[in-house]
Amino acid sequence: MAFYHTTCLFASKNPQRAETYSAALKSWDRIKVRKNHVHESAFSRNSQTELGDTQRKLVFIKDIINYRFSIMKKNDYIILSNLDIFACTDFIERAKELLKHTEAFFAQRKDIHLNQAFEFINGEKKLKQFTENDLKFIQPLGINVDLICFSKAWWVKNRSQIPDFLLGAELWDLTYPHFIKASQPEGTPIRLDNCIYHVRHLDTKAYINSANPSARHNRTIAVKCLEEKFGVEHDKKSLWLNKGFTQHMVENFGFTANINRQGFDSYFIDAQNEIRT
């Protein structure tokens, strides 16, 4: 059994983002997974060539997975995540234990600030080590996933049913859990908690702007898939951005989310207005 951490590499002009990406990759190096880190330049199609996105050049998830798929053995596992996802030091040990009972799982991320990701030891800045116990005390900000793990055999059986999402745009990570759950017997454990984290960032306008081709692409195919394959209802005007969808994820996938928290309504009203315009 081998684990292949799979993500797409790309440069960022934002210094904080660049530091975050570098630090996140180091967290995976530390737990000694095999790398399937592929630079976006390796792919002939992306959100720019296919959708005309001038803001971001995102790569299609199926292309990333297929890049080195042939070298993987039948009992190997793919860990697919966004580039800015950090792994806890005990991730692999806990994943192995869970995978005795399931072919695939997802993880709800926790969010921290950039300065929390590091510590100074003898005056040297080093990546801080987080474990399950550290993340238990951090409340999730929302229904954010950003990581799934599955066997090569699971992917072969299910890939034809899964839409052609872009990695790094919204909703791919909230759609995959539906396939993970539907493809296995009822009661199968499909989530690993307190195992990944993410540095908070504020520049999210492109992600909720309906004019952004990458966001629109993922949102459109996710909404269609969730409605047609899984019967998930949604607000036609705001698409997925509503309390109902959050409640669906809480009730059916065990997410922790306070949908009545202060500021929730104003956030979604702003997002809905953004989409309509």
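## A predicted chain, piece by piece

The buried residues are Trp172, Asp173, Leu174, Thr175, Tyr176, Pro177, His178, Phe179 and Ile180. Keep in mind that this is a predicted model.

**The whole chain**

The chain contains 11 helices and 10 strands. It has 277 residues, and 53% of them count as buried. The accessible surface of the chain comes to about 13,400 Å². Carbon and sulfur atoms hold 49% of that surface.

How confident is the prediction? The average pLDDT of the chain is 86, and 86% of the residues score at least 70. Over residues 261-277, the pLDDT is below 50. In the model, this stretch has 28 contacts beyond near neighbours in sequence.

**Strand β1 and its partners**

Strand β1 spans residues 3-9. Of its 7 residues, 6 are buried, so β1 is largely enclosed by the rest of the structure. Strand β1 runs parallel to β2 (residues 34-39), joined by 6 bridges. It also runs parallel to β3 (residues 77-81), joined by 4 bridges. Thr6 has a bridge partner in each of these strands. In β2 the partner is Asn36, and in β3 the partner is Leu80. Together, β1, α1 and β2 form a right-handed β-α-β unit.

**An open sheet**

Which strands make up the open sheet of 3 strands? The order is β4-β10-β6, and the pairing is mixed. The edge strands are β4 (85-87) and β6 (110-112), each of which pairs on one side only. Neighbouring strands in this sheet are turned by 40° against each other on average, direction ignored. Helix α1 (residues 15-30) packs on the sheet and touches β4 and β10. The direction of α1 makes about 30° with that of β4.

Within this sheet, β6 pairs with β10 (residues 196-199) in the parallel sense over 3 bridges. Ile112 stands opposite Val199 in β10.

**A hairpin**

Strand β7 (residues 118-121) and strand β8 (residues 124-127) run antiparallel, with 4 bridges between them. Phe120 stands opposite Lys125 in β8. This hairpin has 2 residues between its strands, and Asn122 takes a positive phi near 55°.

| Strand pair | Sense | Bridges |
|---|---|---|
| β1 and β2 | parallel | 6 bridges |
| β1 and β3 | parallel | 4 bridges |
| β6 and β10 | parallel | 3 bridges |
| β7 and β8 | antiparallel | 4 bridges |

**Two loop residues with positive phi**

Lys32 lies in the loop between α1 and β2. Its phi is near 60°, a positive value in a residue other than glycine. Asp146 is in the loop between α5 (132-135) and β9 (147-151). Phi of Asp146 is near 75°, again a positive value in a residue other than glycine.

Is Lys32 buried or exposed? The cut-off for exposed is over 50% relative accessible area. Lys32 has 72%, so this residue is exposed. Is Asp146 buried or exposed? Buried means under 20% relative accessible area. Asp146 has 7%, so this residue is buried.

Methods: Residues numbered from 1 in each chain as written. Predicted model: local features only at pLDDT ≥ 70, side-chain atom pairs only at ≥ 80, totals over all residues. Heavy atoms only, no water. Pairing = 2+ DSSP bridges. Axes fitted to C-alpha atoms, helices over the stretch in contact; angles between N-to-C directions. Contact = heavy atoms within 4.5 Å. Buried < 20%, exposed > 50% of the residue type's maximum accessible area, 1.4 Å probe, protein only. Areas by Shrake-Rupley, 256 points an atom, 1.4 Å probe, with all protein chains shown as cover. Right-handed = clockwise from strand over helix to strand, strands pointing away. pLDDT = per-residue confidence, 0-100.
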